[in-house]
Amino acid sequence: MPGIHRTRIQALFTIPLAIGLLGAAALPAGAAALPSPRNAKSLTCRGAGVDPAARVRHRAEVLINAPLRTVWKLQTDIERWPSWQAPVTTAERLDHGPLRPGSAFRWTTPVPPNPTPATSLEITSTVEQLRHHSCVRWTGPATGEGLHIDGVHVWNFTEIPGGVRVSTEETHTGPQVDADVPTATAILRQGLEAWLNDLKATAEARTHHHPN
């Protein structure tokens with residue numbers, strides 16, 4: 001039975017997952033996000049960070065040649081995520097107005113057929129902390145057939161000469177990911193790097209076409 005259970009876990013991990021859980025597609029050469037040093041201090045937003053007890057975690061960052069306002073608007077305009085992130089098939093706000101502490105949103109990403117039928121992961125995220133144009137931290141579960149993940153995700157946005165440094169860190173906990181930490185961590189890394197890559201490409205394209 002353990003062998004069957006492990007095979008099922010590995011099959012699930014062949015798909016792009018996201019809370020993070022975002023596309024594990026290959027990144028164009030030269031466009032990969034920059035992994036942070038192993039000894040880098042965990043990211044925080046208003047003093048709160050990722051789950052310190054989680055075994056599955058990853059941190060990455062990217063430099064974006066675009067104004068901070070452009071990058072921030074893309075990241076916090078949740079309902080438009082599907083327009084620039086292919087792995088996000090639906091996204092809806094559960095409240096209205098600017099993103100703020102207490103805001104919640106539900107979004108989905110597909111799971112193709114594997115030992116379980118084709119399904120979708122449904123992710124319900126709640127903003128716990130936010131500082132305008134600086135940071136955001138959300139938490140929430142992702143559920144699909146045979147899979148449950150609890151995630152904590154922190155984003156930092158820092159203006160630098162020539163653009164914005166976007167740093168992100170995420171932790172996952174749950175029986176499936178805890179059963180295969182190396183694979184779950186690799187999928188999380190791929191998802192975060194793909195997200196940063198899409199954010200960079202979209203923000204820079206908008207800046208190039210609409211410099212003002």
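Predicted model: local features only at pLDDT ≥ 70, side-chain atom pairs only at ≥ 80, totals over all residues.

Colleague: Let's start with strand E10: how many of its residues are buried?

Modeller: Nine of the 11 residues of E10 (residues 163-173) are buried, where buried means under 20% relative accessible area, exposed over 50% and partly exposed in between, with a 1.4 Å probe and protein chains only. Strands here are DSSP runs of type E with at least two residues, helices are runs of H or I with at least four, and both are numbered from the N terminus.

Colleague: And which way does E4 run against E10?

Modeller: Strand E4 (residues 56-64) is antiparallel to E10, and nine bridges join them; two strands count as paired if DSSP finds at least two bridges between them. One of the facing pairs is Val-56 and His-172.

Colleague: What about E9 and E10, how many bridges there?

Modeller: Strand E9 (residues 147-160) pairs with E10 through 11 bridges, again in the antiparallel sense, and Ile-160 has Gly-163 as its bridge partner. Their hairpin has two residues between the strands, and Gly-162 there takes a positive phi near 90 degrees.

Colleague: Where does Ser-167 sit, and is it buried or exposed?

Modeller: Ser-167 belongs to strand E10, and it counts as buried because its relative accessible area is 6%. Its side chain makes a polar contact of 3.1 Å with the side chain of Glu-61; such a contact is a pair of N or O atoms within 3.5 Å where, within protein, one must be able to donate a hydrogen and the other to accept it, and residues adjacent in sequence count only if both atoms are side-chain atoms.

Colleague: What else is Ser-167 in contact with?

Modeller: Beyond its neighbours within four places in sequence, Ser-167 is in contact (heavy atoms within 4.5 Å) with residues including Leu-43, Ala-60, Val-154, Trp-155 and Asn-156.

Colleague: Switching to helices, why is H2 described as largely enclosed?

Modeller: Helix H2 (residues 68-76) is largely enclosed by the rest of the structure because seven of its nine residues are buried. Among them are Leu-68, Val-71, Trp-72 and Thr-76.

Colleague: Now Thr-183, which helix is that in?

Modeller: Thr-183 is in helix H5 (residues 181-209), and with a relative accessible area of 26% it is partly exposed. Its side chain has a polar contact of 3.0 Å with that of Asp-180. Thr-183 and Val-56 are 127 residues apart in sequence, yet their C-alpha atoms are 9.3 Å apart in space.

Colleague: Which loop holds Arg-46, and what is its phi?

Modeller: Arg-46 lies in the loop between strand E2 (44-45) and strand E3 (48-49), and its phi is positive, near 50 degrees. Most residues other than glycine have a negative phi. Arg-46 counts as exposed, at 52% relative accessibility.

Colleague: And where is His-133?

Modeller: His-133 is in the loop between strand E7 (119-131) and strand E8 (135-144), with a positive phi near 60 degrees, and its relative accessible area of 27% makes it partly exposed.

Methods:
Residues numbered from 1 in each chain as written. Heavy atoms only, no water.
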